[in-house]
Every structure is written in C-alpha cells, then in structure tokens.
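Have the sequence and the 3D view ready as you read.

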Amino acid sequence: MSHAVDTKPIASTLRGARLPKWAPYVIAAGSIAAGVGIGLVGSLDSRIQWGLIAALLFVLVTYVLAAKVEGGRQAKDRIATSVVWVAFLLAVIPLVSLIWETVARGIKVLDGYFLTTSMGVLADTDVGGGIYHALIGTLEQVGIATLIAVPIGILTAIYLVEYGRGKLAAAVTFFVDVMTGIPSIVAGLFILSFWILILDMGYSGFAGAMALAILMMPVVVRSTEEMLKLVPNELREASLALGVPKWRTILKVVLPTSLGGITTGVMLAVARIAGETAPVLLLVWGNPLINTNPFDGPQASLPLYIYQQYANSAGSPAAYDRAWAAALTLILLIMILNLVARGIARWKAPKTGR
C-alpha cells in the first residue's frame, strides 16, 4: 500500500524582527519636519542648512531604530542604504533646481523670433534681438572641433589598446592624463600665441574650434580606451583564428562592439566643450552680426553670448532674459545631440539576439 508523500516546502519561521516597509518614509517625513523646525527655531536662513540637518537626522534615526529592532548587522546595512539615498538626493536636487530655474527664466523670450534673429546693431541693453548668429557659431565651432578631435582620439585609443607597448605608449598615456586636467584658458592661450600672434591668421571660429578640439581629445581618448578594453578578447581571437587581418578585426569586430560606449564618450566630450567660454572669448572674439564663415573674421557662440548679455547688460531685464533663453537653448541643443547619438549607436550596434 503506497502513501503519498507531501513534498511541499515548509516555510521558514526563523526570521528576526524587521522594520515595516513604510518606516523609511515616515522617518524621512519626520526628519524633514524636524529639520525645518530646527532651522526656524535656530533662525537659520539657508534652506541648504535645513536640508543637511534633515539628512543627518534621517541617517541617525534610521540607524537607531534599526539597531533596536533588527540588530546591529542589519542596522549597518540600513545606514549604508540611507547614506546612498542622501547622496543621491544631494546630487539630484541642485541639478533639478538648475534646470527648473533655467526653464522658468529662459522660456520668457524663447520663440521662433529669438532663434532666427541676430543682435545686429542692437545694444545689449535694448529690447529684442536673438541668438541666430550665436547658434550658427556654436554649431560650426563644435562641429569643426568634433571633426578634428574624434578621429585623432579614437585612433590614439586604438593604438594604446591594440598596439601600444613600451615607452611610447606610456608617454602617450601620461600626456593624455595631463591634458585631461588642462584648464580651458591654457588651450586658448596656446592657439592665441601660435595661430594668431605667430602665424597672424586673425580671430575666427576655426581658431576657437582648434582650442576646443584640444580640450575634447583627451576625453575621447580616455573614454574610447575604456570601451575598447571591455571588448572580450575571445572576439578578437575568433576573428584572428579565421585568418582575418588585425586591422580588419578592429574595424569590423572591435569598433562595432564598443560603438555605443564610444558614442557616449564622444557626446560627453561635446558637452564638455559646448559650454566653454574662455577659448571663445580669446580666439573668436564675438560678433553681433551673422557670420557663417568660421575661417574668416570674428564669430559669436552661445556661451560667449550668455557672458556678454550678463557682463554688458547694465542691469537690463531684456539682456538677462536673453541670457537665460540662450542658456536654455544650449541645454536643449546638448540634449538633442545626445538623443541623436544614442539613436545612431543603438542602430549601428551589433545585434545580440539569438
């Protein structure tokens, strides 16, 4: 006679006490209320101080309650999680505040007229005018800098990862690291002394683009190098085992595999140079009129336009509004370029489906 055996697993009851899931939210709300109360009672004018007090109280209260209910080991896990959340909020809140302020102030005059009109003969304190001349200058200067820096940067990274050995590779790596931290004004002074003072080529958008390319190159090299290192060696070995030359393996296997990361690195470099003002101020010189030729004569750019609107405004509300609208346009421009680059990277990336 057979008997059925119940193989259903028995639920374990060996679980310690735990704080309820809603506890972190209650602790956060209480910490915020306490931080605001302490700030008001202590006559602390800065809201940042209120937030720091609330963050400190949140971490401390979380640790104390977790240690009492869940034990010391779980309390350490709780405090680590709390610190991560606090650090995340400390990073996000200024970013959100910056975007909100830029949108709120810049949307006032950002319209079709503003985007298709230059300053012309208007003074910086007058009402009207737009950023058409500066928008053209930024697109041309950043585009030329990208055309110069990206091929050089990617080829340098390929050399360091695929071919570089010995003292030459070490020297290139050292100088790339040094160039990563170079101040933008130094790059501008270098092009100013060589291109304008020695060669007497004059101020132009191309001169500014060369300085921007110097700032862009180390970012492209370093990001591309890290992406190429992530490509598994098995892919290279499989291609070489089939008799494919190394240069073709790099071109057809290594680069397509790392295309998404390389594109992201390039866009980080573009974002790095798109907001630079010092090289443009030294080399491009600024021009309120439309100049579509980056190789002849001074040009405008969005960062320089923003600086000039603030510096030469004499307290004019119209100039302040134009500066905020130009800043918002620059943010939107970088966002659009990032979205386009990510779309291209996803389109060109190798298919991973079976």
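## Pockets, a cavity and packed helices

The largest pocket has a volume of about 900 Å³. This is a predicted model, in which local features need pLDDT of at least 70 and side-chain atom pairs count only at pLDDT 80 or more, while totals for chains, interfaces and linings use all residues. Residues are numbered from 1 along each chain as its sequence is written, and side-chain values use heavy atoms, with hydrogens and water left out.

On a 1 Å grid over the protein atoms alone, a pocket is an open set of points with protein on both sides within 12 Å along at least five of seven lines; a cavity is a set where a 1.4 Å probe fits but cannot get out; and lining residues have an atom within 4 Å of a point. Grid points are joined across faces, edges and corners, and a volume is the space filled by probe spheres set on the points.

**The largest pocket.** Which residues lie nearest the centre of the largest pocket? They are A55, F58, W85, V86 and L89, out of 30 lining residues. Helices α1, α2 and α3 (72-106) each supply at least two residues of this lining, and α3 gives the largest share, with 11 residues. Helices here are DSSP runs (H or I, at least four residues), numbered from the N terminus. By class, the lining of the largest pocket has 19 nonpolar, six polar and five charged residues. In this sorting, Ala, Val, Leu, Ile, Met, Phe, Trp, Tyr, Cys and Pro count as nonpolar, Asp, Glu, Lys and Arg as charged, and the others, Gly among them, as polar.

**The second largest pocket.** This pocket holds about 370 Å³ of space. It is lined by 22 residues, and T146, T263, V266, M267 and A341 are the closest to its centre. Two or more lining residues come from each of α5, α10 (246-257), α11 and α14 (317-348). The lining of the second largest pocket is made up of 18 nonpolar and four polar residues, with no charged ones.

**The cavity.** How many cavities of 30 Å³ or more are counted? The count comes to one, and the largest cavity contains about 50 Å³ of space. Its lining is formed by T138, Q141, V142, L212, I273, A274, E276, V280, S301 and P303. Helices α5 and α11 are the elements that give two or more residues to this lining, and the largest share, three residues, comes from α5. Six residues of the cavity lining are nonpolar, three are polar and one is charged.

**How helices pack.** Axes are lines fitted to C-alpha atoms, for helices over the stretch in contact, and angles run from 0 to 180 degrees between N-to-C directions.

| Helix pair | Angle | Axes apart |
|---|---|---|
| α1 (residues 23-41) and α2 (residues 47-69) | about 140 degrees | 8 Å |
| α5 (residues 132-163) and α11 (residues 259-274) | about 140 degrees | 11 Å |
| α6 (residues 166-180) and α8 (residues 205-229) | about 125 degrees | 9 Å |

Angles under 35 degrees count as roughly parallel, over 145 as roughly antiparallel, 65 to 115 as roughly perpendicular and the rest as oblique. A crossing is left-handed if the near helix is turned anticlockwise from the far one by less than a right angle, and right-handed if clockwise.

The crossing of α1 and α2 is right-handed. Their contact (heavy atoms within 4.5 Å) includes I27, A28 and S31 of α1 and W50, I53 and F58 of α2. This contact has 15 nonpolar, four polar and no charged residues.

Helices α5 and α11 are therefore oblique to each other, and α5 passes α11 in a right-handed crossing. V142, A145, T146, V150 and I154 of α5 meet I262, V266, V270, I273 and A274 of α11. Nine of these contact residues are nonpolar, one is polar and none is charged.

For α6 and α8, the crossing is left-handed. T173, V176, D177, M179 and T180 of α6 touch I214, P218, V221 and R222 of α8. By class, this contact contains five nonpolar, two polar and two charged residues.
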